[in-house]
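Here is a short report on one protein model. Look at the structure first, then read on.

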Amino acid sequence: MNNMHSVWAKRFTHYIGEVMKYMRFIFTGHIAIVLVFIVGAGGYQYSEWLKVVELDFPAEWLIAIIVGIVVAFSRPVTLLREPDQVYLLPLESQMMGYFKKAMNWTFWSQVLVPVVLIIVAIPLLKAVTDLSAFSIWVTVLFVAILKWLNVQAEFYYRFANRGHAVLFDRLVRAVISILAIQMSLASGFMGAGFLVILAFYIFTLVKKVANNPVPYEHFIKLEQNRMMGFYRFANYFTDVPHLKGSVKRRAWLDAVYKSIAFKKGNTQSYLVYRTFIRTDDHFYLWVRLTAIAAVIAAFINIPFVTWIVVAAMAFATTLQLKYTLMHAGDFRMDMLYPVPRDTRKQAVAKLLRQLSVVQAVIVMLCALMQPQFYLIPVVMIVVSEITLRMSK
């Protein structure tokens, strides 16, 4: 057992070091400023809405649905690696000691989100219900216990079924968690019955996994996907050397290539457009940042805050795409042809300018109901152009 504890401790130390190495690039000064503005604007609008919210607003059900779904999503963090299915095989009888440490970390790393959601919802609950402060804080503790049970349930379900039909398991637990939270808010301790149901469910799963071999392949693949998601996110802010992006055709965008005239001078334009459209990392980076800017512009009606946020998104989009498209280290066939070096830089600039216009139009359309929405595309295009000219 002590061997498993030391193995977990070493894995955990390495994992924290890996995460912190990239987090220092993610949470930089300008990101912190943007987050402060977003939180401040969101809090201001939330407080203003609470002044006019109807007393029959279904706050309990809304909170139960949102928090219940978050609680049910309890993907285990095992920190297992591919060689473990060979090197840890002789220690398989002791692996439960390792997995208990993994479940503890999974709980503590995930419980903050549902608890914060409940705490944020406290002013809404006080505005539309007659719940006492004691009852509300009991619900916060109830949600933490519910999260712990969901972490246990998802781990043992994955262990017993080797990862098959996990979505069905989550759906069932989400329904139970939603009903449990709603009953806890509406009827006090009546929601405890659902905790008993989950506890019995976990008990049956524990009996089912007894003496079963550890599904190393499933947990390793799950861990690889989880870390790959983190690396892709970190890649928006800094270069991640070992990140391997996937490629997809996206036939519905083939018409874009037809707009590029077939001649030698457009060689780089064709390659750059094709790279952006077919590379998941580049394409989804633009989609995600555009979606974030559009959602914020649609719901925040404070023009100054909106301009800052959309400017930050335009800056991040242009800077990241320019870096990835200009500094790709892979060998390309166009390097063998007598094409001037500046043509790629010009092609990237042309693409980024067109993307900034499309991005600005999408964000503006989402903000049509907000004051001074017509200034949003001006801010985004100007920031994008300055970033394009000033960055290396």
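## Cores and helix pairs

The largest nonpolar core of this predicted model has 67 residues. Ile63, Leu80, Met95, Tyr98, Phe99 and Leu146 have the most contacts inside this core. The most comes from α7, with 14 residues.

Now take Leu80. Which residues does Leu80 touch, leaving aside its neighbours within four places in sequence? Its contacts are Arg11, Leu88, Met95, Tyr98, Phe99, Tyr216, Phe219, Ile220 and Glu223.

A second core is separate and has 32 residues. Among them are Ile260, Ile277, Leu325 and Val348.

| Pair | Angle | Axis distance |
|---|---|---|
| α7 and α9 | roughly 25° | within 9 Å |
| α12 and α15 | about 50° | 8 Å |

Start with α7 and α9. Their axes cross at roughly 25°. Angles under 35 degrees count as roughly parallel, so α7 is roughly parallel to α9. Their crossing is left-handed. From α7, the residues in contact include Phe142, Ile145, Leu146 and Leu149. From α9, they include Leu195, Leu198, Tyr201 and Ile202. By class, this contact has 17 nonpolar, three polar and one charged residues.

Turn to α12 (residues 267–278) and α15 (residues 342–366), which pack at an angle of about 50°. That angle makes α12 oblique to α15. The crossing of α12 past α15 is right-handed. In α12, Gln268, Ser269, Val272, Tyr273 and Phe276 make the contact. They meet Thr343, Arg344, Ala347, Val348, Lys350, Leu351, Gln354 and Leu355 in α15. Seven nonpolar, four polar and two charged residues take part in the contact of α12 with α15. Val348 is in this contact, and Val348 also belongs to the second core.

Finally, step back to the whole protein. How many helices and strands are there in the protein? There are 16 helices and zero strands. The C-alpha atoms fill a box of roughly 70 × 60 × 35 Å along the principal axes. Of the 392 residues, 44% are buried. Among contacts with a separation of 6 or more, 81% join residues 24 or more positions apart.

Methods: Residues are numbered from 1 along each chain as its sequence is written. This is a predicted model: local features need pLDDT of at least 70, side-chain atom pairs count only at pLDDT 80 or more; totals for chains, interfaces and linings use all residues. Side-chain values use heavy atoms; hydrogens and water are left out. Axes are lines fitted to C-alpha atoms, for helices over the stretch in contact, and angles run from 0 to 180 degrees between N-to-C directions. Helices (H or I, at least four residues) and strands (E, at least two) are DSSP runs, numbered from the N terminus. Angles under 35 degrees count as roughly parallel, over 145 as roughly antiparallel, 65 to 115 as roughly perpendicular and the rest as oblique. A crossing is left-handed if the near helix is turned anticlockwise from the far one by less than a right angle, and right-handed if clockwise. Contact means heavy atoms within 4.5 Å. Ala, Val, Leu, Ile, Met, Phe, Trp, Tyr, Cys and Pro count as nonpolar, Asp, Glu, Lys and Arg as charged, and the others, Gly among them, as polar. A nonpolar core is a set of buried Ala, Val, Leu, Ile, Met, Phe, Trp, Tyr and Cys residues joined through side-chain atoms within 4.5 Å. Buried means under 20% relative accessible area, exposed over 50%, partly exposed in between (1.4 Å probe, protein chains only).
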